[in-house]
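Have the viewer open as you read.

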Amino acid sequence: MKRLTLLLAATLLGACSILPQSEPLDIYLLPAAQLPAQSQRVDWALRINSPSSSQLLDGTRIVVLPEPDRVNTYQGVRWSERTPQLLRNRLLDAFQDDGRVQALSNEEQRLQADLELVSDLRSFHSEYRDGIPYALIRLEVNLVDARDQRILASRRFSISQPASDASVPAVIAAFGQAGDQLSRELVDWTLNQGRRATP
């Protein structure tokens with residue numbers, strides 16, 4: 001019996017040695033600068049939905065276009081969340097920092113809201129231009145009346161931010177800067193359109 005136990009242990013150890021090694025991963029958050037707080041408040045509630053996206057962007061891999069019409073991903077690195085949720089949470093943080101809309105929620109919480117942001121994420125990748133990687137975010141946004149699902153306003157946001165060099169940390173930093181710019185523009189646009197829609 002003892003011999004059989006030792007034989008089984010040796011077999012298992014041998015099997016472990018031929019298993020493929022898992023890829024070491026660096027997990028990245030989306031860097032974010034805090035928006036300055038505003039004093040003027042609105043009395044309507046806003047729901048921010050996760051953007052819809054293509055299958056390519058609906059994951060944690062960091063997508064890169066090393067040349068036009070060729071898609072790849074950075075090896076050994078991932079976003080901390082699936083890209084649509086990563087961007088949704090960044091936008092929620094921006095609205096909370098800004099402070100003018102205090103009643104905020106997302107689609108997972110199923111809370112009552114007056115208005116909601118429904119969006120389509122068209123681009124969230126880096127692409128090379130003359131040897132320099134750029135972080136590119138394109139987001140199609142609809143501001144919707146949550147009661148009857150009527151579209152009140154629409155806008156396409158397109159942000160392109162060059163990285164300081166071709167390293168992954170520099171590309172991540174460029175994504176953070178692009179996310180900051182998108183957040184500022186989208187918060188201001190939403191507040192302006194929301195005031196018109198809810199006199």
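The protein's secondary structure comes to 3 helices and 9 strands, where helices (H or I, at least four residues) and strands (E, at least two) are DSSP runs numbered from the N terminus. Going along the sequence, you get the pattern α-β-β-β-β-β-α-β-β-β-β-α. There are 199 residues in the protein, and 44% of them count as buried; buried means under 20% relative accessible area, exposed over 50%, and partly exposed in between (1.4 Å probe, protein chains only).

A word on what you're looking at: this is a predicted model, in which local features need pLDDT of at least 70 and side-chain atom pairs count only at pLDDT 80 or more, while totals for chains, interfaces and linings use all residues. Residues are numbered from 1 along each chain as its sequence is written, and side-chain values use heavy atoms, with hydrogens and water left out.

Now the helices. Two packed helices are described by the angle between their axes and the distance between the axes. For helix α2 (residues 83–98) and α3, the axes come within 10 Å and cross at roughly 60°; axes are lines fitted to C-alpha atoms, for helices over the stretch in contact, and angles run from 0 to 180 degrees between N-to-C directions. α2 and α3 are therefore oblique to each other (under 35 degrees is roughly parallel, over 145 roughly antiparallel, 65 to 115 roughly perpendicular, and the rest oblique). The crossing of α2 and α3 is right-handed, meaning that the near helix is turned clockwise from the far one by less than a right angle.

On to the rings. The whole structure holds 4 aromatic pairs. Rings of Phe, Tyr and Trp (its six-membered ring) pair if their centres lie within 6.5 Å; planes under 30 degrees apart count as stacked, over 60 as edge-to-face and the rest as tilted. Two of the pairs look like this:

| Pair | Centre to centre | Angle between planes | Type |
|---|---|---|---|
| Tryptophan 79 and phenylalanine 175 | 5.3 Å | 90° | edge-to-face |
| Phenylalanine 157 and tryptophan 189 | 5.8 Å | 80° | edge-to-face |

Each pair links distant parts of the chain. Tryptophan 79 is in strand β5 (residues 70–79) and phenylalanine 175 in helix α3 (residues 168–197), 96 residues apart. Phenylalanine 157 is in strand β9 (residues 150–162) and tryptophan 189 in helix α3, 32 residues apart. Tryptophan 79 and phenylalanine 175 are both buried, and so are phenylalanine 157 and tryptophan 189.

Which loop holds glutamate 108? The one between β6 (103–106) and β7 (115–129). Glutamate 108 is exposed, at 54% relative accessible area. Its side chain makes a polar contact of 3.3 Å with that of arginine 88 (a pair of N or O atoms within 3.5 Å; within protein, one must be able to donate a hydrogen and the other to accept it, and residues adjacent in sequence count only if both atoms are side-chain atoms).

Most residues other than glycine have a negative phi. Aspartate 69, in the loop between β4 (61–67) and β5, has a positive phi near 70° and is exposed at 82% relative accessibility. Aspartate 130, in the loop between β7 and β8 (132–145), has a positive phi of about 55° and is exposed too, with a relative accessible area of 83%.
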